[in-house]
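Hi,

Here is the structure I promised to pass on to you.

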Amino acid sequence: MASAPEISVVVTSYQRPRNLERCLLSLASQTGFAGTMEVIVSDDGSTDDTPEVVERFARVAPFPLRFITHQHDGFQASRVRNSGARSATAPYLLFTDGDCVLPPHFVAVHLAARRSGIARAGQCHWLDGPTSSRLDAAAIRTAVYLKWVSVSERLRLLTCAAKAKLYEAVHHAYRPKLRGNNFAVWRSDYERVNGFDETFIGWGCEDDDFRVRLRNAGVRIRSAPLGATVFHLWHPSDPTAGNDWKSGPNVGRLVRHTRLTRCLSGLVQRRLDEVAVRFVNEDRAIESTHGIQVCGVDELCDAPEVEVLVFPGRGQFTRTADCRVLLLTDNAAAPAQILRRADLVFRMPNNLSLRGEAVTELRRALAAAA
């Protein structure tokens, strides 16, 4: 009876079968660890011979290899990664892309770097077109391509590694950066944030959002050792990628003011009425209206995702919720200290009960936060 895999490697792919074949060959050439791994190729709806490439490789691969796909409907990196994670069976997940070649000790280095409550973000060596063309099966099996890295590129990677250590030491809010083509995370932490947010469609920012939500959940982002650097094969940019990061299609969603740590459209699809909401007012009259069923969680929930403060009314926001909604009634003007702590503010018309239009407004606020 085969033992359960120690690590699941999720390889994302779309319309680049030759690159994918080289990626799989580099996985078959892994050394330095005695554990077992499985590989899942999670595809974004390729219509070329990608499935046949995986099928042929699965016959000779020294590890279980599965292929999953869906009908292509635009660039959907989040959906592809979630599909791969859903199919994985190991407690530790390692993500890379099908246009990356992995050095011989790549998996072993990631496994050795596992720590509870930590996600590992690895670096990437970007190959140019001519070098990518040279990187054939023989070069992968012999790992001769490791000698092709220039002195300047080695210095760049060392500088990036040093900066990552500095970012960790000062508890930088945004660094080290987590890139989708090289990171590892415990399955339990992936599930804690509900995976990648599938409302990110088109190139970019889904990995930044994932990193932010991991941090919000208490997962620390730490750099992976240099031995876990991927070699990215050159190819033309995706048509949805802008000329620079700021012009990408998903930047507006990434920089939104609020976000739920457990996204709604992720590893599992969550309904809006499943979001844990708590009214923080001390007024019993307000608490008694919590039966409006905006969420399905009563006023005693210990870990609310959204807090609602009705003003005028006694109560204060806490620091534990992802989103703080201030609901103003009777033309009230809230004090500055309350306004500063509110993420979203909307007003109830006079004499409007919480069961009426205010419920609709609150749902809109939650949707904006999600």
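Below is what turned up in it, going from the cores to one helix and then to the aromatic rings. Please keep in mind that this is a predicted model.

Let's begin with the packing. The largest nonpolar core has 39 residues, and Leu27 and Val39 are those with the most contacts inside it. Helix α1, residues 17-28, gives the most to this core, with five residues. Apart from it lies another core of 20 residues, which includes Ala88, Tyr190, Val219 and Ile221. As general background, nonpolar side chains in soluble globular proteins tend to be buried together.

If you click on Val39 and leave aside its neighbours within four places in sequence, you will find it in contact with Val9, Val11, Leu24, Leu27, Phe63, Pro64, Leu65 and Arg66.

Ser29 sits in the loop between α1 and β2 (37-43). A polar atom of the Ser29 side chain lies 2.9 Å from the backbone oxygen of Leu25. Beyond four places in sequence, Ser29 is in contact with Pro104, Ile140 and Arg141.

Next comes helix α7. It runs over residues 151-169 and reaches 27 Å from its first C-alpha to its last, close to the 27 Å expected at 1.5 Å a residue. Which residues of α7 are buried? They are Glu153, Leu157, Ala161, Ala164 and Glu168. Seen down the axis of α7, these buried residues fall within an arc of 85 degrees, so they line one face of the helix. The buried residues of α7 pack against β7 (124-126) and β9 (220-223), while the face turned away from them carries the exposed residues Val151, Ser152, Leu166 and Ala169. After α7 comes His171, with a positive phi near 55 degrees.

Finally, the rings. The whole structure holds nine aromatic pairs. Tyr92 and Trp186 make an edge-to-face pair, 4.7 Å centre to centre with 65 degrees between the planes. Tyr92 lies in strand β4 and Trp186 in strand β8, so this pair ties together parts that are 94 residues apart in sequence. Tyr92, at 0% relative accessibility, counts as buried, whereas Trp186, at 22%, counts as partly exposed.

Phe95 and Phe183 are stacked, at 4.6 Å centre to centre and 5 degrees between the planes. This pair also links β4 with β8, and so ties together parts 88 residues apart in sequence.

Best wishes

Methods:
Residues are numbered from 1 along each chain as its sequence is written. This is a predicted model: local features need pLDDT of at least 70, side-chain atom pairs count only at pLDDT 80 or more; totals for chains, interfaces and linings use all residues. Side-chain values use heavy atoms; hydrogens and water are left out. A nonpolar core is a set of buried Ala, Val, Leu, Ile, Met, Phe, Trp, Tyr and Cys residues joined through side-chain atoms within 4.5 Å. Buried means under 20% relative accessible area, exposed over 50%, partly exposed in between (1.4 Å probe, protein chains only). Helices (H or I, at least four residues) and strands (E, at least two) are DSSP runs, numbered from the N terminus. Contact means heavy atoms within 4.5 Å. A polar contact is a pair of N or O atoms within 3.5 Å; within protein, one must be able to donate a hydrogen and the other to accept it, and residues adjacent in sequence count only if both atoms are side-chain atoms. The expected span of a helix is 1.5 Å times one less than its number of residues. The arc is that of the directions from the helix axis to the C-beta atoms. Rings of Phe, Tyr and Trp (its six-membered ring) pair if their centres lie within 6.5 Å; planes under 30 degrees apart count as stacked, over 60 as edge-to-face and the rest as tilted.
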